[in-house]
Amino acid sequence: RTLRRLGIGLAPADEAAVLHGWNVVGHLVGVDRALMAGTMDEADMLFAAMQARGRARVAAPDPRPPLGAALMHSMARLIPWRWARPLPRLFTRHLVGAQAARDIGLG
């Protein structure tokens, strides 16, 4: 999804290979097989279901905005040029989309 959003399309076979690689890593670190997708369409549906579930069960207080801010701060402070420090926030907003950006406080 991110590569597509960046305009870097992969051939379907290459997308399937990347997905398989992620599944192998998931298996090695103990991710439940039910949370792994076999196809890109399955991955899209699984991701959408996870997003919907997460949005339906937001804890109070919502930990996502402070975590998002901490992540953006950590990335920005590694950038030596002051003018480029907003880039992680802008780039993340572009890559995750409007709704997810709002969810993590990057609205």
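**Overall make-up.** I counted six helices and zero strands in the protein; helices (H or I, at least four residues) and strands (E, at least two) are DSSP runs, numbered from the N terminus. This is a predicted model, in which local features need pLDDT of at least 70 and side-chain atom pairs pLDDT 80 or more, while totals for chains, interfaces and linings use all residues. Residues are numbered from 1 along each chain as its sequence is written, and side-chain values use heavy atoms, with hydrogens and water left out. I found that the C-alpha atoms fill a box of roughly 40 × 35 × 25 Å along the principal axes. Of the 107 residues, 18% are buried (under 20% relative accessible area, with exposed over 50% and partly exposed in between; 1.4 Å probe, protein chains only).

**Helix α2.** I looked at residues 12–28 next: this helix has 17 residues and reaches 24 Å from its first C-alpha to its last, close to the 24 Å expected at 1.5 Å a residue (the expected span is 1.5 Å times one less than the number of residues). Which residues of α2 are buried? I noted E15, L19, N23 and G26. They lie on the same side of α2, because they cover an arc of only 80° around the axis (taken from the directions from the helix axis to the C-beta atoms). An α-helix has 3.6 residues a turn, so residues three or four places apart point the same way. A13, H20 and L28 are exposed on the face turned away from the buried side. The buried residues of α2 pack against α1 (2–5) and α3 (40–56), where contact means heavy atoms within 4.5 Å. After α2 comes G30, with a positive phi near 90°.

**Helix α4.** For residues 64–77 I noted 14 residues and a reach of 20 Å, close to the 20 Å expected. G68, M72 and A76 are buried here. Their arc of only 65° around the axis puts them on the same side of α4. On the other side, L67, H73 and R77 are exposed.

**Where α4 meets α5.** The buried residues of α4 pack against α5 (87–96). What is the angle between α4 and α5? I read about 130°, with the axes 8 Å apart. That makes α4 oblique to α5. On the α4 side I listed M72, M75 and A76, which meet P88, R89 and T92 in α5.

Methods:
Axes are lines fitted to C-alpha atoms, for helices over the stretch in contact, and angles run from 0 to 180 degrees between N-to-C directions. Angles under 35 degrees count as roughly parallel, over 145 as roughly antiparallel, 65 to 115 as roughly perpendicular and the rest as oblique.
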